Structure formats: C-alpha cells, structure tokens
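Hi,

Here is the model I promised to pass on.

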Amino acid sequence: MARFTIKGLLAHKLRFALTALAVMLGVAFMSGTMVLTDTISRTFDNLFADVNRGTDAYVRSRQSLSSGFGGPARRQRGRVPASLVPEIQSVDGAEAAQGNLGFYAQLVDKKGDAIGSPGQGAPTFGFNWVPNPKLEPYRIQPGGHPPQEPDDVVIDAASAKDAGFKVGDQVDILTQAPPHRYQIVGIAKFGDADSAAGSTAALFTTPTAQVITGAGDQFNSISVVAKGGVSQETLKTRITKKLNDKTYQVLTGAEITKENQTDIQNALSFFNIAMVIFALIALFVGSFIIFNTFSIVVAQRVREMALLRAIGASGRQVMGSVLTEAVLVGLFASLVGLGAGIVLSNALKALINAFGFDIPAGGTVVSAQTVIVALLVGSGVTILSAIVPARKASRVPPVAAMRDVATEGRPHSWRRVLIGFGITGLGVLSLFAGLFGSAGIQFVGLGALIVFIGVFVLGPVIARPLSDAIGWPAARLRGITGTLARDNAMRNPRRTSATAAALMIGVALVGFITIFAASTKRSIDVQVDRAFKADYVISTGGFGGGGFGGFSPMLADDVAKLPQVGASSPLRFNEAEFDGSQKFFTALQPQSANDLFDLKVEDGRVADLGQPATLAVSRAVADDHNWRIGSRVPVGFPNGTTDLTVRMIYGSGTKEGLSDYAISIATYNEHYTNQLDQQEYVKLAPGVSPAEGRRALDRVLKAYPNAELQDRTEFKAAQAAQINQLLGLIYALLFLAVVIALIGIANTLALSIYERTRELGLLRAVGMSRRQLRSTVRWESVIIALLGTFLGLAIGLFFGWAVVEALKDEGITEFAPPGGQLLLVVIIGGIAGVIAAIGPARRAAKLDVLRAVTHE
Amino acid sequence: MTSAVAAQPAAGTVAVRAEEVTKIYGTGDTAVRALNNVTVEFAAAHYTAIMGPSGSGKSTLLHCLAGLDRVTAGRVVIGDIDITASSEKELTIVRRDKIGFVFQSYNLIPTLNAIENITLPLSLAGRKPDKSWLDRVISTVGLADRLTHRPSELSGGQQQRVAVARALASRPQVIFADEPTGNLDSKASAEILGFMRQAVDELRQTIVMVTHDPVAAGYSDRAVFLADGQIVAEMQNPTADTVIERQKDLGE
C-alpha cells in the first residue's frame, strides 16, 4: 500500500508540489519568524551580558513603576543618592563602586539633522563615563581620551562614522537640558561593535550628566565590582547588610543581567506573538488549500480507489493511503519550509526595517524549538486537513469502480445551513464576548477563527448563487467564454467555495485592518477638530506618545517667550497607578490648558491644578470612582505613592481624544526622572498671521532638530502617516496569506482542468481558440477570486464594525469604511484571479485536442 | 427552396480531398504506419462511410481529414483550404467554421443546455445563428421541446441528436462523425442515422462517417474500406447486406 501511495505521489508531481507549496510558505514564515525573534533575543542577551560583564552587584531604588506599554526596559524608578557610592565602596569585598546615569541624548549631525530615526529607531542614549574599565562597556579608540571637562563628550563609533565626526569636532546634543555644543574628545566602540545594537551613545563626565538630568547629587543606580575571591552573592549580602535600608534594592550582576534580558524578552514578546499570529494565519489559509486539494484528488480517484477496494483493500487501507500521502507531503513541505524560513528570517528583518522599525540582529539563531515546532505544525496541519477527505476515500464502495465518476457536488442540505449558521453564530458570540465582555483578547481571535469556519461550512450553499451573480457581467460581456467560465465556477459549489475561502480569510483581514485604520484616522481627525484649540503642535515625530525621547523643557520656555504666541503648553504622556490600576495620564501647563484644548470643564478650575499634589479627572472616570472635587486619590509614581487631590473634573476624556487623567508639569517633575516634553501645543496671539507665527516658531526650533512643527492639518496627516506605516507592515505580512490563497486557486483550477480534459478537447475540436480557452479559465478564476473577495469584505466589514464599536471608549469613535480603498481591494482580488489563472490557463491551452477527445 | 440550401455546394464538387496522406506514429523500431499513402476524395452533399477493422487506420484517417491530427506526409484539402499547411490558429478557425463534429460520446458540454450546445461553434465565432436554418436543423433532429435541457437531462440518443444539430448549425463544408451510434441502442441508432441521411438529402450537407457497423454504413451513399492503412475497396450505394458481403471478401 505504501509503495502504491509513493508511486501515486510521483505520478502527480505538480499536484504534490502545489499542495506542498501552501504548507511550505506557512512553515517558512513561521520558522522565519521564530529564527528572527531568537536571533534578536540572542543579540540582546549578548548585549546585556556585555554591558554587565564586570558588574558583580547592582544597587538601585526599590520603588519602581513598570510599564505595560512601550519599548524595552520601560521600568521607571527613582534615583539613589551619590553618598551611597563611598558607603558601598567601603564594604568588605568591594573593589570599586560607580554611579550610573542613563538618559536621552540626541546627537545632531553637521547638517543640523538628528542622527538616527528619532522616535522610531534604536534609542539614543546619554551616559556618564565610568572610569572603571570593568564597569564601562565602551572602549575609547586610539586618539581619544575619556571626557574630563564639562563640555567633553565621547560618542559611539557608529554615529561618528554616520555623521563623519572626528576627535576634535564639535557636536550639538539635545537632552533634557537646553541644547548645548560639546567637544568630541573620543570615539568609543561597544566591545568590538561600533554601536550597542544600533543605539547611539554620548558619554559625558559624571557632573555634566548630573547637570543634564537634573539629578543633582544622585545616580540612577550604582554598579559594584567584587574583589578577587568574593562571590556575587556574598557581595550582595554584605552590601544589603551595610546599607540596611529597605528603600534600596541590591542585585547580583547575574540577577541584573537576567532582569535586563527578561525585560527585553517581554518587550519583544508582543512582536513575537504578532509575527506568529501572521504565520498561523498563513497556515490556516494553507489548510483550506490542503483540504481542497485532497478532496478533489479523492473525488478524481474514486474509480481507482474503488478498484483497490474491489481487489481486496480495506476501507482503512484506502484511508491510510491518503493519509500517508498527507504525511509525506507535510513532512517534505515542513522540511523545505524550515530551510526557506531560515533564509526568510533575514528578509523579514529587512521588511521590518523597511517600515522604519529598526531592530538589531546578529548571527542567525536556529533553535531546536524552531525545528521541532516547524515540523510538527507543518505536518500536523497537513494531516488534519486531509482527515475529512481521507475518511471520504475510505467510504468509497467497490462498486464505484464500475460506475462513471460523479464529480457534481450534492445540492445543499438544510443540515449544512443549520450547522453553518450555528458555527458562525458561535464565532460571533465568542468575538463579542472578547470585545464587549471581559473574556479577553484570545476570544476575539478564536471568534474570528470560528466565524471563518462557519462561513466556510455555509460556502457550498452560497457559492452557486453568488458565482452566478458575480459571473453575470462576464457572461454578458464575454459571450460564450464568459458563460462557460461562470457555469464552470457554479458546477461544483463545494470546490468553488473551498477555494474561495482561502482568499476570503486574507481579504477579510485586509479589509478589517483597512477599515479599522481608516476609522482610527477619522476618529483622530474628528478629535483634533473637536478637542484641539491650538494652532500648532510641536512633536518629535514617530510614535511620540509614551515613547523614549522628546525635547528639553527649554523649548517650551523659548516658545512661551515669543510675543507672537498667545498660549502654549508642553504635554507629557506617562503611566501611573491611579487608585491601584495603571493608567495613562497627561501632564500639562494648567494656566494655558483651557486656551489650547476644549477641556469642557465641568467642575473646579484648571488653574487650581497649579497647586501642589493635585490632579484632574474626566467625568467618566470621576463617575466610575465616585470622585468629587476634593477627593484624595492615591497615585503610584516611580518614586512612591502619593495622595493627589481632585481639583477639576472635565468632559473631554480619552473617548473625546484627550486623556482621562491630567496633572501639572510641576507635579510630574516631582515624581519622574525623565523630564522631557513630548509635545508642545501653541496658540498664536490674536492678530498674528499663520505665516508670521510659523516664522517665529521656526527660529526657535532651529536649535531643536528633533522637533517638528505641525499645524492641525499637518498634525492630522502625520498621525495618519504613522497609522499608514503600521498598515503597510500589516499588509506586507498579510500578503503571504493572499499568495497562498492564489496558489490554492491555481491548484484547484489545474485539478479541474485535468478533470475536464475531454470537455476542453471537445471545445477545441468544435472551434474554440486557445485564446478563448485561456479566457474561459481566466474568467472562472476571476469569479472564484471575487467570490472570496466579496465574502472576505463582508466579514472584514463586520469585524471592523465590531472592533470599532468595542473601542469607542478608547477614542475610536468613528466607523469609517473607506469606499475607495475597499473598491481597490475588489479590483486587486480580480487581478489576483487573473494571476492565479496564468499557469492553469496555459496548461489548458496546450492541451492536445486529439488526445483530449480520445482520452479514456 | 430557401437561400440556405442554395448556398450549399452543388453535387459533384469535392468537399474534402486527401492526397497521398501518410501518418506514422513513433520513430525507429517502434514506428507504426497508420496511414500509407492514402488518396481519397469526398464529394459534396454526399454521405460517405469509412469502414474497416480496428487498427485499419479509419479513425486516424478521420482525425487527419478533420485537422485534429497532423499528417506525416501528403495533403488534406477542405474546400479550397490546404489544412496541412495551416497554422494551429488557422486550423481552429477551419474546425469552427468549416467542419462539424459528431463523436461517439462526450459530445456535449455538461454545463450548457441543448440550444447553447447546438450554437456553441457560432457563439465561439461571435456570430448570430441564422434563425431559419437553425429552426430547420432543430426540427429535422426533432429537438424543439428539449432545447433548455442540460445534457444530463437527456437520453443518450437525444444527446447524439444535439450533437448532430450542433454539427449542422454552422452549415459546415463537411461533417465528420466518429462512430456516432457506437454507444446507442438500435432504435436510437436508426434515428440518428436517419437524421444524418436527411441532412444530406434535404439540407445538402456533406458527411464523412467512420463506422464498423454495416447497418450504419447502409445509410450512406458510398462506403470506403480501409485495411492496414490503405484503401482496399469502395462501394456505391451500399446496404447492410452488401457491406457484410464485402467485409467477408476482405477477410474481416
């Protein structure tokens, strides 16, 4: 039996290759993703191992606020006093102790542009230079020396190469302090590398770093080197005992390394999960194709299988033969896919970089886990998809060998309709439970999956009338070739719908994300128009909110001094624990907030926020917590929990495009070490023309190359551009699912054409030209593709609507399906059908007429 | 009568001519000479049966005459077109416009109904059918009440009638029929053969039919006998009995 299976496979190489290709692409994408994330993880693991190589103990403030959002290591905490350094140094077994400061520092190149991609790329760090080589991972290259004077700086070799800086050059550096020009006294490498995973570095003297950060006589942390023979654990115990203060936390070098690595792992896990989801989507789409291919093949081989049964093979053996084929296809495809995935990982990295998300990655890491998961998932999906067709094969009666092959699908049954609607309904329920209930995001994904399966079950019922409708224009316009194409698409609704289902999934996701993005953009537009009274926004570009980077508060001061400016306020976004739950808030300038934002103050006064230890909350939040003016709210900051008093309640919360919590910049400064402004809102003084205002602002901004001046329209466009950038990446990742679906269409057409050899021969015999035959195949393909596209769009519209509805409270208030773009999706769907038909159409046209009409 | 009939070639002109046609399958030791220097003419408005035992080359001859197969040597002329010199594209158009086909089975496109099948070659050519001609053809084969049926809803005999009607619909120079009754019972066979006879007599069509059935040959004007790739005998106005006699003489 096994030999029979293998011979069968070899006899149908093309079918084998196309089926395998669907699995292969999915597996390649998945293993590529895994290889890439492993590689990135390894790169960071090595990086932190290098950074902490000489560190045996690490002391910092215990109090911290971890962040649920944002880039790597967004764990904010308070500082430790510099006086701890000599104290720790005096601990028995400590060889050296050094205070560390790390902060935002943006290098400006000679043309006056920021180096790197501010707001999106790798972070731009500033550090204090640590004289102890065991604790300083940067190595100054020959010809330079460590910073000694207040204006001295050492920069990383990558930035120096990038901008053409040499020792002796001057460089502008933007930090939390006013912009300042420094003297480059050294170029440093990070170990052997030009930079630490793509980040830029500016190394200052410790006093300069303390001035920049406003840390005064404090450090972010203290690193300690042990004397020879003293273990990290011993040193940690001794330091803990000596300090004897619960405010401080002492870690071993190994612990801080592990923590850094775990932090970055967690920060990357979102990315990992997202990528794996796209890979699973591709495999899910692939499974439809495998199912379909095996179903068609079983149908076409009914006689052969019946003959096997007639000469004594059991149903189980026939089923086994089909499943063996699935195992062989699955294993082969997984192996090739794995190999391709390793190559693909580099392409994926390039893709992500191309969309502006700069990620560092060293040598390719292929873990055993990747290999095992790729093989298991690839083979598993193939076998699972082949089970139903295999069972069908086992039920072929021996007598079928004497009968003509019946390939026409049975007409739909009410049972199918009921089951289909049941499954779809279940999916919708799960989706809603996840979106509107508290079931969690997993239920959204699960619901979407079940909806797809439900529509797939319904497919054969709706495929015939839909194909009829979709094919109508083709039949009208293209005459007999169009009619034949439509009839062919309709003749086996089960096959047509299974083929279209693969494309349906891809299109549904594309449609959903398109609608969601458009709705988000529209919501932002509406909110900007409604809630923003400012004329201009100054921001760092990129994903500014909550991200790393910003500009010195000096910019706000400079702007406020301009006579052309009527009102202005910096804006900072961050997280804190309000009454025990972590929320985003906004910090602003209370005096001018009312002139810049349509706050809709309901109770209290904005100006009252100027008093210490105060906050403002939105009406929605106040109602939820039953807070009134004067209520005291415990707020957890990185440096501890403080009670703030509610001084204002306003109408424009998150839903209206602002924020549910607001405090003053002054209050913010008391609790966070990072005191960069992320945005600056400006309203011009009465009578100042936009041109005049812009000129004045541009003059100020010359000193801040990382700041971007935008009026409302530009601001909206910039927000839209950010969404589009993300959208582009998602499209690119979904592209694979669409390609797999196209392979599915091509595969089905090829098998159908094989099945219709006689019929095609007859058509050619009675005078159908090759061109007409190709056209018929092409139109059939287009009809199938459009069927998938329309079903997908319908599902996408529903998903889009549901998600937008669910996110109303998060500020996505407008449901705005973009007609033009969705029409474009339909057109692309049709073109996709044309592309899928190229191969099969050519094969059909090459058919030898005589062999076709005498074909037995 | 009508202009439709007047447009047919006068009796006596040659509809199809094969000149020294040779067809060899394979090469070297395995080469099989299926047709060996065959020269034969088929008169317009005549009904010719090509007969012979299996392996005699009668189907090969039909395929070569109809442009479904390429000859190894020699010429095939349909009307005034040398199809052995035609390109694949030209051949397709010849098949569409000048030739009608009736095969033994699988004659119809299962997704098209009877009338769509009948007008298929015209549709492919993008031409409107000649209404009066079409009506005559349909009434000749007696299908008027079955026109919207799909092939799966028709009996084998009805399907072959549709096939004959399709072959007639474009008023071709010649109709090639390959064992058109091979899959039918005797009653349905008689009907089909009768229609074909009528097509020649009343519609002035030209039919070349391959058959091994003496009864079928009995409907024709002339029988041509093939053996081992060569024409070995000919008979005018054959009947089933005279054909059987001749077959005996030929040692079949």
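Let's start in chain A, where A:S539 has A:E708 as its bridge partner in β26(A). (Helices, H or I of at least four residues, and strands, E of at least two, are DSSP runs numbered from the N terminus.) Before going on, some housekeeping: this is a predicted model, so local features need pLDDT of at least 70 and side-chain atom pairs count only at pLDDT 80 or more, while totals for chains, interfaces and linings use all residues. Residues are numbered from 1 along each chain as its sequence is written, with chains lettered from A and ligands numbered from 1 in the order in which they are written.

Back to that strand. β17(A) is joined to β26 (residues 708-711) of chain A by four bridges, running antiparallel; two strands pair if DSSP finds at least two bridges between them. Four bridges also tie β17(A) to β25 (residues 679-684) of chain A, again antiparallel, and there the bridge partner of A:S539 is A:Q679. In a regular strand, side chains alternate between the two faces of the sheet. For β17 (residues 536-539) of chain A both faces are covered: A:Y536 and A:I538 are buried on one side, A:V537 and A:S539 on the other. Buried means 20 or more other C-beta atoms within 10 Å of the residue's own, with C-beta atoms placed from the backbone; exposed is 12 or fewer, and partly exposed is in between.

Elsewhere in chain A, an open antiparallel sheet of four strands runs in the order β5-β15-β1-β16. Its edge strands, each pairing on one side only, are β5 (94-100) and β16 (248-252) of chain A.

Now, how do the chains meet? 19 residues of chain A are in contact with 21 of chain B, contact meaning C-beta atoms, placed from the backbone, within 7 Å. On the chain A side, α12(A) gives the largest share, six residues.

As for chain B, it has ten helices and ten strands, and 49% of its 252 residues count as buried. Its radius of gyration (taken over C-alpha atoms) is 18 Å, which agrees with the value near 18 Å for a compact globule of 252 residues; that rule is 2.2 Å times the number of residues to the power 0.38. The C-alpha atoms fill a box of roughly 50 × 40 × 35 Å along the principal axes.

Cheers

Terms used. Two residues are in contact if their C-beta atoms, placed from the backbone, lie within 7 Å.
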